[in-house]
Number of protein chains: 2
Amino acid sequence: MPPIATPPHPLRDVRALVFDVFGTLVDWRTSIARQAKQALAPLGIEADWLAFADAWRAQYQPAMARVREGALPYRKLDDLHRLNLDAVLTAWGLAHRVDEATREHLNRAWHRLDAWPDVAAGLHALRPRVLLAPCSNGHIALMVHLARHNGWVWDAILGAELARDYKPKPGVYRAAVEALDLPPQAVMMVAAHSDDLAAAAQVGLRTAFVARPDEHGPGRGERRAAVPVDVEVSSLPELAERLGPADSP
Amino acid sequence: MPPIATPPHPLRDVRALVFDVFGTLVDWRTSIARQAKQALAPLGIEADWLAFADAWRAQYQPAMARVREGALPYRKLDDLHRLNLDAVLTAWGLAHRVDEATREHLNRAWHRLDAWPDVAAGLHALRPRVLLAPCSNGHIALMVHLARHNGWVWDAILGAELARDYKPKPGVYRAAVEALDLPPQAVMMVAAHSDDLAAAAQVGLRTAFVARPDEHGPGRGERRAAVPVDVEVSSLPELAERLGPADSP
């Protein structure tokens, strides 16, 4: 149990931020839609590409659920994304029109997602203040490629592959905290999703909600945290301001 | 078995470099000697501080051997360093003169080791060419702190903690290669130690020997690789030159 008395500056002791990535740092929806069009339109396929992105993403939680529940052993997100892509192509009647090489290339679109416009500046502003690491369900290679694609600098890559399980299982947050050798209250989970933050708080982490109101289309993302959080912002530079300066990371 | 025909440019396909850290990137000996003096001299202790550093380091391989052989479960290097420090203080007749807080602070000296002078510039030159990650027996937090201390930028932190075992066990190199999602021959191990490189080559990695002739004192480091390696250099900028430019990381 946390102490009853609230410390005067609850954010002062935060030494590391760990980030959700899909939706929180990158705009997966328009990035996937654009890349799906680039990959599939040359094959003569016409589609509502945003709906295609939504359909692919809709398979994401059910696929991970099978791992979380122990029905499948842990596997990298690339493998789940590929199973999901094949399922969507079949459901959309496109299975016979998309060859293996195109599928493999399109599956890697998740390694080439574009960041929301505030992210690079926000991470840059946060870096002198705290350690920074993704705590994503994406695997290490995917995180490495997204960082290079968007010019991010991480201190480490934490998340699902380290824990060999998927958020919101508590072991994923716990593995991140242990890897950083910090007490949970010195680590803040940053996410645009209330369920992610609620699960992190259960493990003792601080929480920051970043609103990404357009994640699922204009106005169709979470606008406000649906659970209690330590700080709620609309961008990463705003989060840097709220955290304020500190002695050293 | 590798193919019999040697490819024309064996280094062209290298996409990632993974680095040994203690000895290869940082000068642990003089860094530990200096910090031991800073921590212990105020307690009235006089010693040959370089010999103290050597004595502490001499416990390193035997301590890890117990983990490699399965006699101890994996534990972070901080814990082994601390056991070793206590053993050295006892052996040197200093156990009763060094309090717990001093021991804890001194044990963290391994998080504050200074790099060899060429390392920052070398990593900077290599970064546009390849992915860069430590593959050290140090744990993630230690690697994160060394990177911040020396201004390094890594793509990921790989090594012992990911594999939960210590080099030169093959699983440590294999875990690094798998985390990067690359074939072993696209990953090059960089080290100042022939045994590390020999073990990496066994797993299929490319190898680069960097001479650190002063690691154990002036002229008392490995000057030349004692095993076949793909490239042998005397600094990281020289390695960047030898690797040459590439399409993209």
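Predicted model: local features only at pLDDT ≥ 70, side-chain atom pairs only at ≥ 80, totals over all residues.
Residues are numbered from 1 along each chain as its sequence is written, chains are lettered from A and ligands numbered from 1 in the order in which they are written, and side-chain values use heavy atoms, with hydrogens and water left out.

Back to the interface. Chain B puts in 26 residues and chain A puts in 26 residues, where contact means heavy atoms within 4.5 Å. The rule finds 4 salt bridges across it, a salt bridge being a side-chain nitrogen of Lys or Arg within 4 Å of a carboxyl oxygen of Asp or Glu. Have a look at A:Arg148 and B:Asp155, whose side chains meet in a salt bridge at 2.7 Å, N to O. There are also 12 residue pairs in polar contact between chain B and chain A, both residues at pLDDT 80 or more. For that one, the rule wants a pair of N or O atoms within 3.5 Å; within protein, one must be able to donate a hydrogen and the other to accept it, and residues adjacent in sequence count only if both atoms are side-chain atoms.

So which elements of chain B give two or more residues to the side that touches chain A? They are strand 2 (131–136), helix 7 (140–150), helix 8 (160–163) and helix 9 (170–180). Those are DSSP runs numbered from the N terminus, helices being H or I with at least four residues and strands E with at least two. Helix 7 of chain B gives the most, with 5 residues. By class, that side of chain B has 16 nonpolar, 2 polar and 8 charged residues. Nonpolar means Ala, Val, Leu, Ile, Met, Phe, Trp, Tyr, Cys and Pro, charged means Asp, Glu, Lys and Arg, and the others, Gly among them, are polar.

Now the symmetry. Chain B can be laid on chain A with an RMSD of 0.0 Å by a turn of 180 degrees and a shift of 0.0 Å along the axis. The two copies are thus related as by a two-fold rotation axis. The superposition is by least squares on the C-alpha atoms of residues with pLDDT of at least 70 in both. In chain B, B:Ala156 comes closest to that axis, at 2.6 Å for its C-alpha. And 100% of the interface residues of chain B are also interface residues in chain A, so the copies meet through the same surface.

Next, inside chain A. We have domain 1 (16–27 + 115–243) and domain 2 (28–111), with bounds from an automatic or database domain assignment. Their centres, taken over C-alpha atoms, are 24 Å apart. The contact takes 24 residues from domain 1 and 18 residues from domain 2, and the two domains bury about 1,900 Å², 54% of it on carbon and sulfur atoms. The salt bridge count between them is 1: A:Glu161 with A:Lys76, closest N and O atoms 3.7 Å apart.

Note on methods: Buried area = accessible area lost by both parts, 1.4 Å probe.
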